[in-house]
Amino acid sequence: QVVLIESGGGLVQAGGSLRLSCAASGRTLSYYTMGWVRQAPGKERESVATITWDSGNTVYADSVKGRFTISRDGAKNTGYLQMNSLKPEDTAVYYCAATRVRMPTTLDEYAYWGQGTQVTISS
């Protein structure tokens, strides 16, 4: 069993930055792909960024390319999402998730989910 806990959300002005963290417990994440998924009010969840267990591959949604960076620290069993140049449309609850699937193509392939952290961007 993997327990994921996100932190780092908050309220920032457009153009600002935030760094989200996802701390894992219960099992090492060494062989899990990690992803960040967000859900805005009234919208479906969407994948934002994904990083494979060996950090060899990363995938980003077009809407965040060049602004967001996903990373992970194996020693700390923690994943991160650095978000720069934030826009009001980035406002959402952000979830981290983990899967043994190397590069998931659907959100259903994630086996473990955190409780989410709210990110609000003011214009």
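Figure 1. Two strands pair if DSSP finds at least two bridges between them. In this predicted model, S9 and strand S10 (residues 112-113) are joined by 2 bridges in the antiparallel sense. To find one of these contacts, look for Ala 98, whose bridge partner in S10 is Tyr 112.

Figure 2. The protein is built from 11 strands and 0 helices, so reading from the N terminus gives β-β-β-β-β-β-β-β-β-β-β under the DSSP run rule. Along its principal axes, the C-alpha trace spans about 40 × 25 × 25 Å. Does the radius of gyration agree or disagree with that of a compact globule? It agrees, because a compact globule of 123 residues would have a value near 14 Å and the protein has 13 Å. Of the 123 residues, 43% count as buried. Among contacts with a separation of 6 or more, 58% come from residues 24 or more positions apart.

**Figure 3. Strand S9 and its other neighbours.** How many of the 8 residues of S9 are buried? The number is 7, so S9 is mostly covered by the under-20% rule. Strand S4 (residues 33-39) runs antiparallel to S9, and 7 bridges join the two. Within that pairing, Arg 38 stands opposite Tyr 94 of S9. Strand S11 (residues 117-122) also runs antiparallel to S9, joined to S9 by 3 bridges. Tyr 94 turns up again here, with Thr 117 as its bridge partner in S11. Strands of a sheet pair through backbone hydrogen bonds, either parallel or antiparallel.

**Figure 4. An open sheet of 4 strands.** Follow the strands across this sheet and you will meet them in the order S1-S3-S8-S7, with antiparallel pairing. Which strands form the edges? They are strand S1 (3-7) and strand S7 (68-73), each of which pairs on one side only. On average, and ignoring direction, neighbouring strands of this sheet are turned by 15° against each other. Zooming in on one pair, S7 and strand S8 (residues 78-83) are antiparallel over 6 bridges. A handy place to start is Ser 71, whose bridge partner in S8 is Tyr 80.

**Figure 5. The disulfide between Cys 22 and Cys 96.** The structure has 1 disulfide, and this close-up shows it. Cys 22 is joined to Cys 96, with an S to S distance of 2.0 Å. The link is right-handed, with 55° about the S-S bond. Cys 22 sits in strand S3 (residues 18-25) and Cys 96 in strand S9 (residues 92-99), so the pair links distant parts of the chain, 74 residues apart, with the strands taken as DSSP runs. Are these cysteines buried or exposed? Cys 22 counts as buried because its relative accessibility is 0%, and Cys 96 counts as buried because its value is 0%; the cut-off is under 20%.

Figure 6. A search of the whole structure finds 4 salt bridges, and two of them are described here. Glu 46 and Arg 38 meet through their side chains at 2.6 Å, N to O. Arg 38 counts as buried, with 5% relative accessibility, whereas Glu 46 is partly exposed at 34%. The side chains of Asp 90 and Arg 67 form another salt bridge, at 2.7 Å, N to O. Asp 90 belongs to the loop between S8 and S9, and Arg 67 to the loop between strand S6 (58-60) and S7, so this pair ties together parts that are 23 residues apart in sequence. Asp 90 is buried at 1% relative accessibility, and Arg 67 is buried at 10%. Through shared partners, salt bridges join Arg 38, Glu 46, Arg 67 and Asp 90 into one network.

**Figure 7. A salt bridge between exposed residues.** Lys 65 and Asp 62 bring their side chains together in a salt bridge at 3.1 Å, N to O. Are Lys 65 and Asp 62 buried or exposed? Both are exposed, whereas Asp 90 in the previous view is buried. Side chains of opposite charge can pair when their charged atoms come close.

Terms used. Residues are numbered from 1 along each chain as its sequence is written. This is a predicted model: local features need pLDDT of at least 70, side-chain atom pairs count only at pLDDT 80 or more; totals for chains, interfaces and linings use all residues. Side-chain values use heavy atoms; hydrogens and water are left out. Axes are lines fitted to C-alpha atoms, for helices over the stretch in contact, and angles run from 0 to 180 degrees between N-to-C directions. A disulfide is a pair of cysteine sulfur atoms within 2.5 Å. Buried means under 20% relative accessible area, exposed over 50%, partly exposed in between (1.4 Å probe, protein chains only). The radius of gyration is taken over C-alpha atoms; the globule rule is 2.2 Å times the number of residues to the power 0.38. Contact means heavy atoms within 4.5 Å.
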